[in-house]
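I opened my notebook today to look around one protein chain, a step at a time. Come along and check each entry against the picture.

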Amino acid sequence: MKASFWHERWEKQQIGFHNEEVNPLLIKYWPQLGLNTAARVLVPLCGKTLDMCYLKEIGHSVLGCELSELAVRQFFSEYQVEQESLACIQKNEHQHFILDNITIIQGDMLTLSSQDCGTIGAFYDRAALIAWPEALRQTYVEQLMRLLPLGSRGLLITLDYPQEVMAGPPFAVQDDWIIDNMASGFDIERLSCDDVLHENPKFMRKQVPWLTESVYKLIRK
């Protein structure tokens, strides 16, 4: 999937994947990670999610990664930040937007190094894994494993549905795929799996017959 696809989605504000409130699954399951609030949280493909604000409010520093500069600037604008108080530092091919305990690196996440990211102690993936088509998904997982130190913990949220009925994104990710492709790098525990079809009118309009949402606790090993 080309970067131009996502840039166009943001330019046209075709961002149905963006939630206008903090994800309730984050609020419910984040405490089960048992993290010290000093842990710095990586949020890949963060967009302008308010989940970053929630993580900051409970004490974490946050490192988001986002391809679209427009999305990054919208986040800080909607976060009611004066743009002149927002630090923006160019480091190689990435821009680092910094304010208080939230940093967002703007650029291609797959080109980041551990030096770009600095210290990370946790991660939160609500919309990153399901944004990648299957042909690129393993590349993302391998990059995530490179960036995360041993022992770091995180939440992963996925969707599963009959992919042949509707083209992604979001793409369907099966539980078997998680086990087969991520168990080499993570201890995996599925915390929940719920039917969410009636909460997603887009899928109903496309006549998707079923839709499940799963939450996983992952520990880098």
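**Entry 1: the whole chain**

I began with overall size: a compact globule of 221 residues would have a radius of gyration near 17 Å, and the chain has 17 Å, which agrees. That radius is taken over C-alpha atoms, and the globule rule is 2.2 Å times the number of residues to the power 0.38.

I noted where the model comes from: it is predicted, so local features need pLDDT of at least 70 and side-chain atom pairs count only at pLDDT 80 or more, while totals for chains, interfaces and linings use all residues. Residues are numbered from 1 along each chain as its sequence is written, and side-chain values use heavy atoms, with hydrogens and water left out.

Next I looked up the extent of the C-alpha trace, which spans about 50 × 40 × 30 Å along its principal axes. I then listed the elements and found eight helices and nine strands. These are DSSP runs numbered from the N terminus, helices being H or I with at least four residues and strands E with at least two.

**Entry 2: inside and outside**

How much of the chain is buried? I found that buried residues make up 50% of the 221 residues. Here buried means under 20% relative accessible area, exposed means over 50%, and partly exposed is in between (1.4 Å probe, protein chains only).

For the surface, I wrote down that the chain exposes about 10,700 Å², with carbon and sulfur atoms supplying 48% of it. Such areas come from the Shrake-Rupley method with a 1.4 Å probe; for residues, only the protein chains shown count as cover.

I also checked contacts, meaning heavy atoms within 4.5 Å. Among those between residues at least 6 apart in sequence, 69% join residues at least 24 apart.

Then I turned to charge: there are 20 positive and 29 negative side chains, and the centres of the two sets lie 2 Å apart. Lys and Arg count as positive and Asp and Glu as negative, while His and the chain ends are not counted. Each charge is placed at NZ of Lys, CZ of Arg, CG of Asp or CD of Glu.

**Entry 3: the cores**

I reminded myself that in soluble globular proteins, nonpolar side chains tend to be buried together. A nonpolar core is a set of buried Ala, Val, Leu, Ile, Met, Phe, Trp, Tyr and Cys residues joined through side-chain atoms within 4.5 Å.

Which residues have the most contacts inside the largest core? They are Leu129 and Met182, in a core of 36 residues. Strand E2 (62–66), helix H6 (134–147), strand E7 (153–160), helix H7 (175–182) and strand E9 (212–220) each give two or more residues to this core. H6 gives the most, with five residues.

A second, separate core has 28 residues, including Tyr29, Met52, Ile104 and Ile157.

Val41 lies in strand E1 and counts as buried at 1% relative accessibility. Beyond residues up to four places away in sequence, Val41 touches Trp30, Leu55, His60 and Phe123, among others. Val41 and Leu156 are 115 residues apart in sequence and 13 Å apart in space, C-alpha to C-alpha.

Val208 sits in the loop between helix H8 (201–205) and E9.

Glu69 is in helix H4 (residues 69–78) and is partly exposed at 28% relative accessible area. Past the neighbours within four places in sequence, Glu69 is in contact with Gln95, Phe97 and Gln106.

I looked at two peptide bonds. A cis bond joins Gly168 and Pro169, with omega about 0 degrees, and the bond from Pro169 to Pro170 is cis too, with omega near 0 degrees. Pro169 is in the loop between E7 and H7, and Pro170 is in the loop between E7 and H7 as well.

Last, I looked for positive phi values in residues other than glycine. Leu45 has phi near 50 degrees and is partly exposed, at 26%. Asn92 has phi near 55 degrees, lies in the loop between strand E3 (87–91) and strand E4 (94–99), and counts as exposed at 69% relative accessibility.
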